[in-house]
Amino acid sequence: MGNLVLLDAPSNLGLRPPAEGAVPGCYKTPGVLRDLGILDRLGASDAGVVTPGRYVGTWQPGDGVRNAAAIASYTRALAARIASIRAGGGFPVVLGGDCSISLGAMLALRRSGRYGIAYLDGHDDFRHLPAAEHVGAAAGEDLAIMTGRGSDDLADMDGLRPYVRDEDVLVLGVRSAESAQLAAAGITHVTSEALMSGAPVPPAFSGTDGFWVHVDIDVLDPAYVSAVDSPDPGGLDPSTLVSVLRDLLARPGAAGFELTVFDPDLDPDGHQAALVADILERALR
């Protein structure tokens, strides 16, 4: 992987409000992990932070994607910073934030070639029209958006739709109940149930210039980490997640890594954050 470079992406723009008048707490994750010494534990260089725009909670069906203009602006800013890290020979380790930060990574990589994505998530994040009745929160739609299934303001920035081709996507850890749309689209995926039963991570990304690694921490079973916006049973255990990540990150072409959706507001005693930091250290060192 080379020189790890830590970049904070504390955006919560892609999530719906957890309650009326509240905002999603995932923006606090980079700070919490830094408080746990993650920079030194990874032996990483520090690239600072890309600050998101203002979160607006109001939304109704028919409005399009919530905070779309702010997400588009943030995607471009994040893409520029990721590209700068890579141009300097660094391996970006991006601490989110919600899953919509993946658009910044894939836009950056699309600008420089053909890249895939290893998408570790308990959900398919594949909601899109007309398959869905409406769109709303980009963090539940980002895989659809990056594969070109979305409105131009997010899915076709700089005329680069799609940022990643369907055949260059590998989804890992999705719950079986969430996998039907991926199967219908022909997107390669391995469910959490299969991984926990010992299924290997398949070969992928043939013909690409490399691949990005995305981790929504809700890929873990909530018995281990429940501090996420949509905890669902049947996920991975920490050792399996670490094993899968070490496999992926050891492969030629790994171009960067991001962590998303952990919410410190739902972890008042901090024990789940400590586990997340431990997983990052075990996977990335």
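Author: Quick ground rule before we start: a residue is called buried when its relative accessible area is under 20%, and exposed when it is over 50%. Also, keep in mind that this is a predicted model.

Reader: Got it. What makes helix 4 count as mostly covered?

Author: Helix 4 spans residues 102–110, and eight of its nine residues are buried. The buried ones are Ser-102, Leu-103, Gly-104, Ala-105, Met-106, Leu-107, Ala-108 and Leu-109.

Reader: And what covers the buried residues of helix 4?

Author: The cover includes helix 3, strand 4, helix 5 (142–146), strand 7 and strand 8 (254–260).

Reader: What makes strand 4 and strand 7 a pair?

Author: Pairing takes at least two bridges. Strand 4 and strand 7 (residues 211–216) have five and run parallel. One place to look is Tyr-119, which stands opposite His-214 of strand 7. Strand 4 also has four bridges to strand 5 (residues 169–174), again running parallel. There, Leu-120 has Leu-172 as its bridge partner.

Reader: Which residues have the most contacts inside the largest nonpolar core?

Author: Leu-120 again, along with Val-213 and Phe-257, in a core of 95 residues. The element that gives the most to this core is helix 3 (residues 68–87), with eight residues. In soluble globular proteins, nonpolar side chains tend to be buried together.

Reader: What does Phe-257 touch?

Author: Leaving out residues up to four places away in sequence, Phe-257 touches Phe-91, Pro-92, Val-93, Val-94, Trp-212, Val-213, Val-215, Leu-245, Leu-280 and Leu-284.

Reader: On to the rings. How many aromatic pairs are there, and why is the pair of Phe-205 and Phe-211 called stacked?

Author: There is one. The ring centres of Phe-205 and Phe-211 are 4.5 Å apart, inside the 6.5 Å limit, and their planes are at 5°, under the 30 degrees cut-off, so the pair is stacked. Both Phe-205 and Phe-211 are buried.

Reader: Why is Thr-208 called buried, if it's in a loop?

Author: Thr-208 has a relative accessible area of 17%, and the cut-off is under 20%, so the label follows. Setting aside neighbours within four places, Thr-208 is in contact with Arg-114, Tyr-115, Gly-116 and Asp-168.

Reader: Salt bridges next. How do you know that Arg-34 and Asp-8 form one?

Author: Their closest N and O atoms are 2.8 Å apart, and the rule asks for within 4 Å, so the pair qualifies. Arg-34 lies in helix 1 (residues 29–35) and Asp-8 in strand 1 (residues 3–9), so the bridge ties together parts 26 residues apart in sequence.

Reader: Which of the two partners is buried, and which is partly exposed?

Author: At 24%, Arg-34 is partly exposed, whereas Asp-8, at 9%, is buried.

Reader: What makes Arg-76 and Asp-158 a salt bridge?

Author: Their N to O distance is 3.7 Å. Arg-76 lies in helix 3 and Asp-158 in the loop between helix 6 (152–155) and strand 5, so this pair ties together parts 82 residues apart. Arg-76 has a relative accessible area of 36% and Asp-158 has 44%, so both fall in the partly exposed range.

Reader: And Asp-153, what is it in polar contact with?

Author: Asp-153 lies in helix 6, and its side chain meets that of Ser-151 at 2.4 Å, so it passes the 3.5 Å limit for a polar contact. Asp-153 also touches Ala-68 and Ala-72. With 39% relative accessibility, Asp-153 is partly exposed.

Definitions and conventions
Residues are numbered from 1 along each chain as its sequence is written. This is a predicted model: local features need pLDDT of at least 70, side-chain atom pairs count only at pLDDT 80 or more; totals for chains, interfaces and linings use all residues. Side-chain values use heavy atoms; hydrogens and water are left out. Rings of Phe, Tyr and Trp (its six-membered ring) pair if their centres lie within 6.5 Å; planes under 30 degrees apart count as stacked, over 60 as edge-to-face and the rest as tilted. Buried means under 20% relative accessible area, exposed over 50%, partly exposed in between (1.4 Å probe, protein chains only). A nonpolar core is a set of buried Ala, Val, Leu, Ile, Met, Phe, Trp, Tyr and Cys residues joined through side-chain atoms within 4.5 Å. Helices (H or I, at least four residues) and strands (E, at least two) are DSSP runs, numbered from the N terminus. Contact means heavy atoms within 4.5 Å. A salt bridge is a side-chain nitrogen of Lys or Arg within 4 Å of a carboxyl oxygen of Asp or Glu. A polar contact is a pair of N or O atoms within 3.5 Å; within protein, one must be able to donate a hydrogen and the other to accept it, and residues adjacent in sequence count only if both atoms are side-chain atoms.
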